Amino acid sequence: MDWKREAALVLVAFAVLAFLPFVVPDSYSRHVLIMAFIYAVVASNWDLSLGYGGVFNFGHLALFGIGVYAYGLITKFAGIDPWLALVLSGAASTFAAIVVTIPILRLKGIYIILVTFGFAQLVMQIILSQSDYTGGTQGMVRIQTLYIPGVNLIRDGKFGYFYVALAILLTSTIFLRVLVRSKTGASIVALRDNEEYAISRGISLVRQRVITLAASAFFTGIAGAFYAAYQRNASVDVFGMSLATIILSMVLLGGTSTIYGAIAASFVLTIFAEFMADFGAWRPIITALLIIAVMLVYPAGLAGVWTHISNLVRAKSKKP
Amino acid sequence: MMDAASQILFGGLFQGSLYAMMAVGLALIWTTIGVFNFSHGVMMMLGAYIAWQLNAWSIPYFIVLPLAMIIMAGAGWLLQASVVRPMIGRPNIVLVVVITTLAAASLIENGALEIWGPRSKQLPTLIAGNTEIFGIGVSLHQIAIIVITPIILLALWLFLNRTRLGLALRAVAQNEDASLLVGLNVTALYGLAFAIAAALAALAGIFMGGYRFMSPVMGADPLLKALIVVVFGGLSNISGPIFAAYLIGFFEAICSYYFGLYWTPALLFAVLILMLMVRPEGLFGSRARGLA
């Protein structure tokens with residue numbers, strides 16, 4: 001797709017999203033949407049490293065968690081302005097991503113999964129052990145919120161937070177799409193598809209891999225920081241397997257290497273999970289079953305479901 | 001001094017045996033099918049809970065043990081048939097199987113929570129009682145683990161190296177197409193690998209349930225330990241991870257004796273990263289299978 005058309009479509013889509021608070025006035029529905037935006041940022045950034053880069057970074061949720069805790073710690077102990085802390089948390093996640101890239105530079109496939117998974121667990125262990133600062137298993141509470149002088153972000157049914165979350169998603173999406181459409185993005189995909197050839201054409205594996213992971217970390221960290229400011233608490237649950245499974249299924253169900261697919265799947269899954277709130281403990285079971293079912297029947301993810309349905313509709317409408 | 005040596009020796013043997021038991025099933029699946037089973041941890045949990053349930057029905061414990069392993073072997077076969085076999089042949093199979101086994105893990109974990117509830121349970125010990133060896137008090141349950149594990153591992157090794165079925169499994173691991181050509185039933189062998197792995201996971205779970213409390217989330221930590229062990233040992237054959245398990249057991253025993261439990265995970269991870277930078281294929285791995 002030509003970039004002007006794509007940019008126009010993105011703007012239209014976000015304009016529709018920006019209009020949503022006027023349609024859904026109640027605070028809880030907006031909360032669901034805000035969570036969907038946060039998950040969309042995390043999932044679409046994971047798509048950069050996983051889908052485009054082909055790097056199975058299983059520590060992606062740890063980068064999110066680092067954002068959460070970095071924001072909490074910076075605002076609590078350094079007393080830095082929350083907005084600056086938001087950006088600094090993104091920087092902290094980026095730095096962590098660069099550190100974790102070093103041991104995986106020479107590795108491939110499953111070995112990267114193992115090391116990054118171990119990295120995530122290590123970060124969690126460190127946070128748990130430093131309970132004087134992080135609250136350990138109790139987590140952090142009463143984290144500094146974001147503020148705009150004269151405006152209460154939480155008032156009017158989370159009106160303010162809705163737009164902050166949407167702005168983060170928009171910025172992150174533009175950043176990701178510009179990156180993957182650029183020459184750097186092309187070289188990242190080249191390394192994924194044919195490493196030997198790409199290297200022989202002068203692409204640096206080391207540099208591109210560091211760029212891929214660092215770029216995927218920045219907005220993930222910011223999303224984490226926003227999550228902390230919005231929820232006002234932090235716990236090590238963000239490092240757990242269940243959240244990682246949900247977000248990873250957003251990436252895979254949406255279809256990898258599209259960015260938009262991950263975002264769409266985040267909306268679908270988050271809203272779907274809300275509809276199932278009545279099922280209580282059965283919710284994770286149903287979600288897991290659905291993930292398996294979609295992976296079994298539609299290898300291309302929800303995009304495959306979409307094609308299937310539209311084909312059915314077309315076939316029906318052709319019949320007299 | 002004598003005390004330190006026996007503490008380290010015992011701790012190393014005990015942890016090493018546990019780690020070997022946890023990791024060997026994971027390694028078996030990887031070497032045969034080339035996928036990673038992220039439900040391996042919850043299979044340990046499920047095995048322990050099934051043993052607990054059988055025990056609660058007042059079945060004698062020496063029957064519970066093999067019975068739980070057989071039931072879990074069936075569960076392993078089922079897992080393979082439902083979430084792994086359909087994916088074979090897809091280009092991104094490694095990733096897809098990661099997500100389906102993760103989803104299966106979530107399914108089993110929450111299922112166990114529904115059936116057995118969140119309250120912690122404990123299994124009876126394999127052998128009740130305590131004893132004193134070289135001046136340190138140890139439980140007979142731990143001694144039993146130290147003794148049983150090498151026997152099971154040796155049996156597995158003999159099975160894989162000395163029986164036709166075991167050799168067929170290894171043949172599939174080495175070259176799937178050629179195995180098909182010589183008439184091996186590759187799908188059945190995949191099922192067998194998962195069944196054996198699940199039975200071994202059940203045993204690991206029963207070991208754990210006998211000395212600490214069980215809960216539906218008890219599988220997460222041993223899964224991580226198993227992952228570390230297989231990365232350390234390399235995945236080119238089954239004995240690499242076994243050696244690595246004991247090595248890590250002793251490393252942890254030494255670390256926690258001299259530096260305390262608090263620093264042990266960090267030190268272990270630092271060593272792991274260093275090792276991966278020098279020998280990405282693992283300590284006992286060969287470069288034959290590649291790193292993909």
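This is a predicted model: local features need pLDDT of at least 70, side-chain atom pairs count only at pLDDT 80 or more; totals for chains, interfaces and linings use all residues.
Good morning, colleagues. I shall begin with chain A. Chain A contains 14 helices and zero strands, and its pattern along the sequence is accordingly written α-α-α-α-α-α-α-α-α-α-α-α-α-α. Its radius of gyration is 20 Å, close to the 20 Å that the globule rule gives for 320 residues, so chain A is as compact as a globular protein of that length. The C-alpha trace of chain A spans about 65 × 55 × 40 Å along its principal axes. Of its 320 residues, 47% count as buried. Among the contacts in chain A with a separation of 6 or more, 77% are accounted for by residues 24 or more positions apart.

One helix pair within chain A deserves attention. Please look at helix 3, residues 60-78, and helix 10, residues 205-231, of chain A. Their axes come within 7 Å and cross at roughly 50°. Helix 3 of chain A and helix 10 of chain A are therefore oblique to each other, and helix 3 passes helix 10 in a right-handed crossing. Which residues in helix 3 of chain A meet helix 10 of chain A? From helix 3 of chain A, the residues include A:H60, A:L63, A:F64, A:G65 and A:I66. Their partners in helix 10 of chain A include A:A217, A:T220, A:G221, A:I222 and A:A223. By class, this contact of helix 3 with helix 10 of chain A has 13 nonpolar, seven polar and no charged residues.

I turn now to chain B. Chain B has eleven helices and two strands. A compact globule of 292 residues would have a radius of gyration near 19 Å, and chain B, with 19 Å, agrees. Along the principal axes, the C-alpha atoms of chain B fill a box of roughly 60 × 50 × 35 Å. Buried residues make up 48% of the 292 residues in chain B. Residues 24 or more positions apart account for 75% of the contacts in chain B with a separation of 6 or more.

Helix 10, residues 239-258, and helix 11, residues 264-278, of chain B have axes that come within 9 Å and cross at roughly 135°. These two helices of chain B are therefore oblique to each other, and helix 10 of chain B passes helix 11 of chain B in a right-handed crossing. On the side of helix 10 of chain B, the residues that meet helix 11 are B:I248, B:F251, B:E252, B:C255 and B:S256. On the side of helix 11 of chain B, they are B:T264, B:L267 and B:L268. This contact in chain B has five nonpolar, two polar and one charged residues.

B:L153 lies in helix 5 of chain B, residues 140-162. Is B:L153 buried or partly exposed? B:L153 has 19 other C-beta atoms within 10 Å, whereas a buried residue needs 20 or more, so B:L153 counts as partly exposed. Leaving aside residues up to four places away in sequence, B:L153 touches B:A20, B:V24 and B:I242. B:L153 and B:I242 are 89 residues apart in sequence, yet 8.2 Å apart in space, C-alpha to C-alpha.

Finally, I come to the interface. How many residues of chain A are in contact with chain B? There are 33 residues of chain A in contact with 35 residues of chain B. On the side of chain A, helix 5 (109-129), helix 11 (241-254) and helix 13 (282-297) each supply at least two residues. The largest share, twelve residues, comes from helix 5 of chain A. The residues on this side of chain A divide into 23 nonpolar, eight polar and two charged.

One helix pair spans the two chains. Helix 11 of chain A and helix 4 of chain B, residues 93-116, pack at an angle of about 140°, with their axes 10 Å apart. Helix 11 of chain A contributes A:M241, A:S242, A:T245, A:L248, A:S249 and A:L252, while helix 4 of chain B contributes B:I99, B:L102, B:A103 and B:S106. By class, this contact has six nonpolar, four polar and no charged residues. Helix 11 of chain A passes helix 4 of chain B in a left-handed crossing.

Thank you for your attention.

Note on methods
Residues are numbered from 1 along each chain as its sequence is written. Chains are lettered from A and ligands numbered from 1 in the order in which they are written. Axes are lines fitted to C-alpha atoms, for helices over the stretch in contact, and angles run from 0 to 180 degrees between N-to-C directions. Helices (H or I, at least four residues) and strands (E, at least two) are DSSP runs, numbered from the N terminus. Angles under 35 degrees count as roughly parallel, over 145 as roughly antiparallel, 65 to 115 as roughly perpendicular and the rest as oblique. A crossing is left-handed if the near helix is turned anticlockwise from the far one by less than a right angle, and right-handed if clockwise. Two residues are in contact if their C-beta atoms, placed from the backbone, lie within 7 Å. Ala, Val, Leu, Ile, Met, Phe, Trp, Tyr, Cys and Pro count as nonpolar, Asp, Glu, Lys and Arg as charged, and the others, Gly among them, as polar. The radius of gyration is taken over C-alpha atoms; the globule rule is 2.2 Å times the number of residues to the power 0.38. A residue is buried if 20 or more other C-beta atoms lie within 10 Å of its own, exposed if 12 or fewer, and partly exposed in between; C-beta atoms are placed from the backbone.
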